[in-house]
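This briefing covers the sheet, the helices packed on it, the nonpolar cores and the salt bridges. Please read it alongside the sequence and structure shown here.

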Amino acid sequence: MNSSWKYSEDLRKKLAKVRDSEGQLKDHCAEMYQRPGHQRRMQVVESLLAKFVSGRDFIDIGCAEGLYCGTADELGARRVLGIDIASSKIERAVERYPTCEFRCRDIFNLVDLRNQFDIALCTEVLQHISDYQVAAGIVIDCLRPGGYAIFTAPNLSGASDHIPATISPDMTIDQLLAEIGGAGFGRQNALWKFNTDKLYEEIVRGRPNVKLLEKIPVDTPDGQRRNLWTVGLIQVDV
């Protein structure tokens, strides 16, 4: 995947269609979130929400069917907003969590949400985005001073650097879905295999007002895969 294609607007549009196709074909809450490994990762995220979200404004960017929005609402968040690029996922979220607010939006189109939230969640999203560093910065920009960003991403590189998926500009949406579709659709499953230690250091680098507070490893329930996911907790200075 060459650099010009990796960060092109054409790829960004195709990836948006891939995400929407996933949403039409599979319900994350009904399928992916029932798996033991995913449930362990979710428990870590929920423990952080329980610590920080009460009485605060919360946004979930890449909210899928809105599960964490429902959790934040139950935990006493003052405002809850879920954002996802797939309209089918947003439709399910609205049905399931009617007391929360949801919008069908692209992560690269959130300028109007800057400095509006105290907690921003972005879970299992960055590995599906071409310019993941820009996307992570947009998540952080939604925060007020003192706010917290929670990221999760699979730690699948097995090397010192990230490994990009093998794709090409002439691939159709169906071909991309078969190669890099998430939720178990794609052979390569994502656009990036991250080294998550490097990922979270990259996210905070060059942002003097942002600090990485914690990297929380998540092992598989059988203990066979150590640090299969990493949860990153980041804070914007007051």
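Buried means under 20% relative accessible area, exposed means over 50%, and partly exposed lies in between, with a 1.4 Å probe and protein chains only. The model is predicted: local features need pLDDT of at least 70, side-chain atom pairs count only at pLDDT 80 or more, and totals for chains, interfaces and linings use all residues. Residues are numbered from 1 along each chain as its sequence is written, and side-chain values use heavy atoms, with hydrogens and water left out. Helices (H or I, at least four residues) and strands (E, at least two) are DSSP runs, numbered from the N terminus.

**Sheet**

- Seven strands form an open sheet in the order S3-S2-S1-S4-S5-S9-S8, with mixed pairing; two strands pair if DSSP finds at least two bridges between them.
- The edges are strand S3 (101-104) and strand S8 (210-218), each with a single partner strand, so one side of each has no neighbour in the sheet.
- On average, neighbouring strands of this sheet are turned by 15 degrees against each other, direction ignored. Axes are lines fitted to C-alpha atoms, for helices over the stretch in contact, and angles run from 0 to 180 degrees between N-to-C directions.
- S8 and S9 pair in the antiparallel sense over eight bridges, and Pro217 stands opposite Thr230 in S9.

**Strand S5 and its neighbours**

- Ten of the twelve residues of strand S5 (residues 143-154) are buried.
- On one side, strand S4 (residues 117-123) pairs with S5 in the parallel sense over six bridges, where Ala120 stands opposite Ala149.
- S5 also pairs with strand S9 (residues 229-236), in the antiparallel sense and over seven bridges. Ile234 is the bridge partner of Ala149 in S9.
- A right-handed β-α-β unit is made by S4, helix H6 (residues 132-141) and S5. A crossover is right-handed if, with the strands pointing away from the viewer, the path from the first strand over the helix to the second runs clockwise.

**Helices**

- H6 lies across S1, S4, S5, S8 and S9 and runs at about 145 degrees to S5.
- Helix H3 (residues 36-52) packs on the sheet, where it touches strand S1 (57-61), S4, S5, S8 and S9. The direction of H3 makes about 20 degrees with that of S9.
- Helix H2 (residues 9-25) holds Arg19, which counts as buried at 12% relative accessibility.
- Beyond residues up to four places away in sequence, Arg19 touches Ile85, Ala86, Lys89, His128, Ile180, Gly181 and Gly182; contact means heavy atoms within 4.5 Å.

**Nonpolar cores**

- A nonpolar core is a set of buried Ala, Val, Leu, Ile, Met, Phe, Trp, Tyr and Cys residues joined through side-chain atoms within 4.5 Å.
- The largest such core has 44 residues, and Leu126, Phe151 and Ile203 have the most contacts inside it. H6 gives the most to this core, with six residues.
- Apart from this core lies another, of 33 residues, among them Leu48, Tyr97, Ala183 and Val218.
- Leu126 touches Tyr132, Ala135, Ala136, Phe151, Trp192, Phe194, Leu199 and Ile203, residues up to four places away in sequence not being counted.

**Salt bridges**

- The whole structure contains 20 salt bridges, each a side-chain nitrogen of Lys or Arg within 4 Å of a carboxyl oxygen of Asp or Glu.
- Glu101 forms a salt bridge with Arg79, with the closest N and O atoms 3.6 Å apart. The pair links distant parts of the chain, 22 residues apart: Glu101 is in strand S3 and Arg79 in strand S2 (residues 79-84).
- Glu101 is partly exposed, with a relative accessible area of 28%, and Arg79 is partly exposed at 23% relative accessibility.
- In the salt bridge between Glu179 and Arg187, the closest N and O atoms are 3.0 Å apart. Glu179 counts as buried at 16% relative accessibility, whereas Arg187 counts as exposed at 63%.
- Lys211 and Asp237 meet through their side chains in a salt bridge (3.8 Å, N to O). Lys211 lies in strand S8 and Asp237 in the segment after S9, so the pair ties together parts that are 26 residues apart in sequence.
- Lys211 counts as partly exposed at 39% relative accessibility, and Asp237 counts as partly exposed at 31%.
- Salt bridges that share partners join Arg79, Glu101, Arg103, Arg105 and Asp112 into one network.
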